[in-house]
Amino acid sequence: MSAITRRPTINQVASVDLGKSMKLCGQVLQTSVQLMGKAAQLVYQSAIKATNQPEANLSQSISAQSVFQVQQNQPKIEQMVQTLAEQHGLSQLEILQVSTLVTASQLQVNSPQLLEQTLQPLMSASSLGIAQQASHNSLQQLSLAHQNVFVEHLTRACTQAAFKVGFKQLEQPPALVGNTIRLVASDDTGKSLVTEIQVDPNQPVSLATELLGTSDRSCQEILDAYDRALEEAGVRSGRPERKITGGIYELDAAREFVRRTVKPKTQDQSKASSRSQQTTRPLPQKRRLTQQQ
């Protein structure tokens, strides 16, 4: 009895090795903040406290939000900055700069150089129009970089979770097919975990895992253990959705894996199978002839 678990929206994942780069990116942000006036700096600091942004720590993991979550929060950040700015008399250009910096602080990138390069045109903009274009370009590039970091750590978490529940043989290392990352891992009894991660930057990151090769209700226990391992790896999502598939594969990656691993019959095997069917086929009963009166 096979089953599948879907997580339609992945909200967070632990970024266990980004402490150093996040610390450097924090320094880049502070340098940019210092280019603004004192009032704008106060508004930035107040907004950062209100968003509860953690300080990067080299010895701790960092929970990264998905790009979709950051984009959902951006209007709230802009409204909050606008309210704070009215209390300090900021110009529209300063408001835009502060809003962009606060949003950028929520995006995790592993390149301080990229962060510096994308923010420089915004901080040196001489007009609101130039600043608006610079802000758009900056957040677009940083969002793409953040998406790559987020998906990389989610893929790593899925691999580690599979290993933890006994699926230690990678049949298919993580591979990108269109907007989907596919991952297949097997155990030593012939069962396989097939995972698809949807990574369309314009949609929430989603995750689906299908278990193949089971004929009893152990599929539920295995997927439950896998879900717990994902949670322990720092993956946070909406409520998982479980479905019994009855051996009918739902994921494209599952169907592709089965096609690759199930060998087609050879010509000799097909002939032997045909002869077997002929010898075991029941003979039709003879029709009884009735005499005409």
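User: Quick one to start: is Gln147 buried or exposed?
Analyst: Gln147 is buried, with a relative accessible area of 6%, where buried means under 20% relative accessible area, exposed over 50% and partly exposed in between, computed with a 1.4 Å probe on protein chains only. This is a predicted model, in which local features need pLDDT of at least 70 and side-chain atom pairs count only at pLDDT 80 or more, while totals for chains, interfaces and linings use all residues. Residues are numbered from 1 along each chain as its sequence is written, and side-chain values use heavy atoms, with hydrogens and water left out.

User: Where does Gln147 sit, and which residues is it in contact with?
Analyst: Gln147 belongs to helix 6 (residues 128–164); helices (H or I, at least four residues) and strands (E, at least two) are DSSP runs numbered from the N terminus. Leaving aside neighbours within four places in sequence, Gln147 is in contact with Val67, Val199, Asp200, Pro201 and Val205, contact meaning heavy atoms within 4.5 Å.

User: And the protein overall, how many helices and strands?
Analyst: The protein has nine helices and nine strands, and 43% of its 293 residues count as buried. Among contacts between residues at least 6 apart in sequence, 72% join residues at least 24 apart.

User: Let's look at Ile4, then. What is it in contact with?
Analyst: Ile4 lies in strand 1 (residues 3–7) and counts as buried at 1% relative accessibility. With neighbours within four places in sequence left aside, its contacts are Thr209, Glu210, Leu223, Glu241, Arg242, Lys243, Thr245, Glu250 and Leu251. Ile4 and Tyr249 are 245 residues apart in sequence, and their C-alpha atoms are 9.0 Å apart in space.

User: What about Leu230, which residues does it touch?
Analyst: Leu230, in helix 7 (residues 218–232), counts as buried at 0% relative accessibility. Not counting residues up to four places away in sequence, Leu230 touches Arg7, Ala157, Cys158, Ala161, Leu207 and Val235. Leu230 and Val13 are 217 residues apart in sequence and 9.3 Å apart in space, C-alpha to C-alpha.

User: Switching to helix 8, which of its residues are buried?
Analyst: In helix 8 (residues 252–261) the buried residues are Ala253, Ala254, Phe257 and Val258. They cover an arc of only 135° around the axis, so they lie on the same side of helix 8, the arc being that of the directions from the helix axis to the C-beta atoms.

User: What do those buried residues pack against?
Analyst: The buried residues of helix 8 pack against strand 4 (169–177), strand 5 (180–186), strand 6 (192–198) and strand 7 (206–212).

User: Then helix 4 and helix 5, at what angle do they pack?
Analyst: Helix 4 (residues 92–105) and helix 5 (residues 112–123) pack at an angle of about 165°, with their axes 10 Å apart. Axes here are lines fitted to C-alpha atoms, for helices over the stretch in contact, and angles run from 0 to 180 degrees between N-to-C directions. That makes helix 4 roughly antiparallel to helix 5, a term used for angles over 145 degrees, with under 35 roughly parallel, 65 to 115 roughly perpendicular and the rest oblique.

User: Which residues meet there?
Analyst: Gln97, Thr100 and Leu101 in helix 4 meet Leu119, Leu122 and Met123 in helix 5.

User: Last topic: how many disulfides?
Analyst: The count comes to zero disulfides, a disulfide being a pair of cysteine sulfur atoms within 2.5 Å. As for individual cysteines, Cys25 counts as buried at 5% relative accessibility, and Cys219 is buried with a relative accessible area of 0%.
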